[in-house]
Amino acid sequence: MNLKDHIRGIPDFPKPGILFYDVSPLLANGEAWKAAIDRLADAVRPHRPELLVGIESRGFLVAAPLALALGIGFVMVRKHGKLPGDKIAHSYDLEYGTDTIEVQADAVKPGQRVVVLDDLLATGGTMAAAISLLRQVGADVCAAAFLVELTFLNGRDRIDVPSVSLMAYDS
């Protein structure tokens, strides 16, 4: 099955000149969605993760069912102020300004092998920040995985762990 058949390009979203790669049709098609999760499981399993981490918010859609398929736990990295309890925060630079992400302080045990997931790899800034945050709490970040990668934005260059994407777009 060609998973790209289930990705919709939406021009000029969220602003003029941007082509948004929408994974909604993939999520809506049970057969395609199962194929995507099965392929991600095959790609992630060799890294022997003990825990999967999803980045807010579409990373949750990928990491949670994949964790279930692999029989392991799932943890959320969220934007500032969205998690209850004790949290560890990490601020990082954006093109215009900064952002902060958080993880619950007790969500990852020191030395625990984790794979971080998101729906799409663009510039790599958020993934690099999530990896840094997880290392700050003692995680052994062994890989990153994505449904879609926009290779022309060179986001992989900012990620210092093995990375896998199911689909790549060159423009």
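The model is a predicted one, and its C-alpha atoms fill a box of roughly 40 × 40 × 30 Å along the principal axes. Of the 171 residues in the chain, 44% are buried. Among contacts between residues at least 6 apart in sequence, 55% join residues that are at least 24 apart.

Seven of the strands form an open sheet with mixed pairing, in the order β5-β6-β4-β3-β7-β8-β9. Strands β5 (87-94) and β9 (163-169) stand at the edges of this sheet, and because each has a single partner strand, one side of each is left without a neighbour in the sheet. Neighbouring strands of the sheet are turned by 20° against each other on average, when direction is ignored.

With β3, β7 pairs in the parallel sense over four bridges, and the bridge partner of Val53 in β7 is Val116. Eight bridges join β7 (residues 113-121) to β8 (residues 140-150), and these two strands likewise run parallel. On this side, Val114 stands opposite Val141 in β8, and Asp118 stands opposite Phe146, also in β8. Strand β7 is mostly covered, with seven of its nine residues buried.

Helix α3 (residues 58-70) lies across β3 (51-55), β4 (73-79), β7 and β8, and runs at about 165° to β3. Helix α4 (residues 125-136) lies across β3, β4, β5, β6 (97-104), β7 and β8, and runs at about 150° to β5.

The length of α4 was compared with expectation: at 1.5 Å a residue, its twelve residues should span 16 Å, and its end C-alpha atoms are 16 Å apart, which agrees. The buried residues of α4 are Gly125, Met127, Ala129, Ala130, Ile131, Leu133 and Leu134, and these buried residues pack against β3, β4, β5, β6, β7 and β8. In an α-helix, residues three or four places apart point the same way, because there are 3.6 residues a turn. The helix α4 is followed by Gly138, whose phi is positive, near 95°.

When its neighbours within four places in sequence are left aside, His90 is in contact with Asp99, Thr100, Ile101, Ala129, Ser132, Leu133 and Gln136.

In the UniProt record, an unreviewed entry, residues 30-148 are listed as "domain: Phosphoribosyltransferase". Over residues 30-148 the chain is 34% helix and 39% strand, and the end C-alpha atoms are 18 Å apart.

Technical notes: Residues numbered from 1 in each chain as written. Predicted model: local features only at pLDDT ≥ 70, side-chain atom pairs only at ≥ 80, totals over all residues. Heavy atoms only, no water. Pairing = 2+ DSSP bridges. Axes fitted to C-alpha atoms, helices over the stretch in contact; angles between N-to-C directions. Contact = heavy atoms within 4.5 Å. UniProt positions renumbered as here; feature names shortened; annotations may be inferred. Expected span 1.5 Å × (residues − 1). Buried < 20%, exposed > 50% of the residue type's maximum accessible area, 1.4 Å probe, protein only.
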